[in-house]
Amino acid sequence: MERKSSIELLNSESGHHCNASSDSLGSDSKSSSLNSKLGQEPAQPSNNNEPIQTSRPDDLPLLPGEIIQGFAREVTYLCPYSGPARGILSVTNYKLYFRSIDRETPYVVEVPLGVVSRVEKVGGQLSRGENSYGIELFCKDMRNLRFGHKQENHSRRNVFEKLQQYAFPLSHKLPIFAFEYTETFPENGWNIHEPIAELKRMGVPNDMWKISRINENYEICDSYPTILAIPTQVTDEEIRVIAQFRSRGRIPVLSWIHPESQATITRASQPLVGVGGKRCKEDERYIQMIMDANAQSHKLFIMDARPSANAIANKAKGGGYESEESYQNAELVFLDIHNIHVMRESQRKLKELCFPQIDEARWFSGVDSTYWLKHIKCILAGACRIVDKVENHKTSVLVHCSDGWDRTAQLTALAMLLLDPYYRTIKGFEVLIEKEWLSFGHKFQQRIGHGDDKHSDADRSPVFLQLIDAVWQVTTMFRHAFEFNEHFLITILDHLYSCRFGTFLFNSDRERNQENMKQRTVSLWSYINSSLDLYKNPLYFPQLHVLEPIASMRHIKLWKGLYCRWNPSMRAQDPIYQRTRELLVLKEQLDKSSEECRKELKARMPRTVSTPTRLASHIHI
């Protein structure tokens with residue numbers, strides 16, 4: 001889909017507006033850094049929350065609702081790969097935009113401010129040497145950006161203030177850009193996930209499972225959706241008792257049901273057994289109902305995502321895990337996936353390894369020392385164990401960690417992706433994210449830190465990033481099984497941070513409904529689904545396969561297309577996405593030609609000749 005390029009410039013005294021649309025966060029964009037001073041008339045200092053009055057710089061693409069807050073000339077972007085570039089730095093309520101003026105082909109750096117984790121001043125009044133005085137930005141997408149300012153221009157303070165305000169709007173009582181972004185698209189992405197329609201697609205309600213609205217007012221659990229699928233035999237009174245026994249009220253509910261065996265994947269939080277080993281008869285009976293709903297097996301596996309030591313330690317805090325003595329015919333398995341703090345430290349080490357320079361002599365040992373790939377392997381291995389129990393053993397599985405909104409979501413979403421080919425389509429994957437992550441209360445606001453300046457907050461963690469990494473790993477093992485390509489996954493991650501869309505804002509459905517997100521913001525899926533060809537895998541061939549990847553360190557690899565993409569030496573030499581579009585056109589032509597040949601052959605064949613039909617069946621890879 002062709003993007004608009006016209007720019008409407010309003011009177012500079014009332015701010016700078018533009019109705020142009022531009023994809024400001026391309027996955028193959030150049031490495032970026034910021035250096036410039038904001039234009040400001042010294043005699044007319046402006047309020048910190050108002051746009052700086054100045055004439056606008058050349059060629060600054062703006063999105064609908066995006067306003068220039070100011071710009072600075074004679075700023076130097078200190079690119080760690082191609083050296084310093086002198087130019088103009090602009091700051092809007094959405095992005096930082098640098099354009100060089102000292103090169104024949106302008107060097108452009110465009111960074112949505114939602115990507116920025118923190119902003120720091122570099123050097124002081126006594127700093128000597130070129131570009132020793134300036135600003136450095138630390139980003140959530142594995143890069144840092146450094147800009148040099150001339151002390152005599154007195155530009156750094158203004159740039160720093162504007163960056164602080166619009167990179168961290170919530171900390172300055174300003175709106176996140178998603179509430180000001182006004183672009184329209186042909187499809188409303190907020191309608192991509194209809195909970196009841198998705199349950200009906202899986203064959204629910206049925207004899208064993210019912211659709212319940214007991215959480216319609218979020219009385220049972222404020223981080224769960226309003227519509228839940230639960231066993232038909234359970235009463236509302238029992239649900240209320242069970243909610244008291246499960247951390248945060250997150251009772252076991254249905255995520256997925258096998259179309260043939262009726263084996264299920266359910267999700268929950270830890271039981272509140274504590275050091276005294278408390279029991280809840282209603283919870284034990286409820287787990288038995290989940291087990292009985294699957295006539296193919298008289299056993300249930302409880303997959304606890306945590307290392308056993310962590311689960312035991314949680315008893316001291318009032319949490320814990322199910323006792324196999326209390327829960328008859330249930331087998332408890334610990335999956336050894338570490339907590340959010342371990343994952344955050346692993347990501348920090350990975351960033352140090354990948355940016356700015358790569359030490360090739362110690363590359364492999366460096367990757368190994370981050371433990372990042374080991375963590376991805378553990379998540380993938382856990383999902384594979386769930387798939388094996390559900391598909392091959394026809395046994396139901398209950399998944400939980402501590403609160404059930406981090407590791408649990410990783411495991412259920414990944415297992416469902418491997419089991420159900422619907423989730424391997426573009427729209428099916430969007431539904432999977434909406435369902436298992438957004439509606440079931442993954443705390444995106446806390447884990448990402450949208451709009452706030454608390455960069456060292458202990459709640460920050462790359463939990464969702466790890467899911468997308470694990471999905472990418474599977475796409476490299478089964479290249480024909482997914483309708484979407486790598487660009488699709490990177491676009492999702494880029495806009496996880498950008499704050500351009502409302503999709504990933506806030507911590508739960510309840511909070512998003514309170515803020516009227518569907519009416520006030522644009523969905524990321526509206527944007528993606530308006531240009532589907534950009535995100536399609538030309539090698540995709542729809543099949544009913546249940547994917548069973550090998551979760552081994554021999555097969556897990558570092559996603560260089562994401563983590564090392566800012567380094568020109570690590571980028572693919574060919575224009576991959578252009579080649580993909582060409583392949584899609586060729587595929588369409590070949591499909592058309594094949595269909596014409598098939599019709600011609602059918603017309604030539606005698607009417608009496610008939611061919612036996614083949615029954616579709618699950619095929620294991």
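This is a predicted model: local features need pLDDT of at least 70, side-chain atom pairs count only at pLDDT 80 or more; totals for chains, interfaces and linings use all residues.
User: Now a single helix. What span should α8 have, and what do its end C-alpha atoms give?

Analyst: The idea is to count 1.5 Å a residue and compare. Helix α8 covers residues 372–392, 21 residues in total, so the span should be 30 Å. The end C-alpha atoms are 30 Å apart, which agrees.

User: Is α8 mostly covered or mostly open?

Analyst: Mostly covered: 15 of the 21 residues in α8 are buried. Just past this helix, look at the backbone of Lys394, where phi is positive, about 55 degrees.

User: On to pairs. How do I read the crossing of α12 and α13?

Analyst: You want the distance between axes and the angle between them. For α12 (residues 463–477) and α13 (residues 486–498), the axes come within 10 Å and cross at roughly 175 degrees. An angle over 145 degrees counts as roughly antiparallel, so α12 and α13 are roughly antiparallel to each other.

User: Which residues meet there?

Analyst: From α12 you have Phe464, Leu465, Ile468, Val471 and Trp472. Facing them in α13 are Glu486, Leu489, Ile492, Leu493, Leu496 and Tyr497. By class, that contact has 10 nonpolar residues, no polar ones and 1 charged.

User: And at what angle do α10 and α13 pack?

Analyst: About 30 degrees, with the axes of α10 (residues 426–439) and α13 12 Å apart. That angle is under the 35 degree cut-off, so α10 is roughly parallel to α13. The crossing of the two is right-handed. On the α10 side, the contact uses Ile426, Phe429, Glu430 and Ile433, while α13 brings Phe488, Leu489 and Ile492. The class count for α10 with α13 is 6 nonpolar, no polar and 1 charged.

User: What about the loop between α12 and α13? Is Phe482 buried or exposed?

Analyst: Check relative accessible area against the cut-off, where buried means under 20%. Phe482 is in that loop, and its relative accessible area is 1%, so Phe482 is buried. Then see what surrounds the residue: setting aside neighbours within four places in sequence, Phe482 contacts Leu417, Arg424, Val474, Thr475, Asn537, Tyr540 and Leu547.

User: Where is Ile192, and which residues does Ile192 touch?

Analyst: Ile192 sits in the loop between α1 (156–167) and α2 (195–201). At 17% relative accessibility, Ile192 counts as buried. Beyond residues up to four places away, Ile192 touches Glu187, Lys427, Glu430, Val431, Glu434, Trp525 and Asn529. Val431 is 239 residues from Ile192 in sequence, yet their C-alpha atoms are 6.4 Å apart. Glu430 turns up again here, having also been part of the contact of α10 with α13.

Technical notes:
Residues are numbered from 1 along each chain as its sequence is written. Side-chain values use heavy atoms; hydrogens and water are left out. Helices (H or I, at least four residues) and strands (E, at least two) are DSSP runs, numbered from the N terminus. The expected span of a helix is 1.5 Å times one less than its number of residues. Buried means under 20% relative accessible area, exposed over 50%, partly exposed in between (1.4 Å probe, protein chains only). Axes are lines fitted to C-alpha atoms, for helices over the stretch in contact, and angles run from 0 to 180 degrees between N-to-C directions. Angles under 35 degrees count as roughly parallel, over 145 as roughly antiparallel, 65 to 115 as roughly perpendicular and the rest as oblique. Contact means heavy atoms within 4.5 Å. Ala, Val, Leu, Ile, Met, Phe, Trp, Tyr, Cys and Pro count as nonpolar, Asp, Glu, Lys and Arg as charged, and the others, Gly among them, as polar. A crossing is left-handed if the near helix is turned anticlockwise from the far one by less than a right angle, and right-handed if clockwise.
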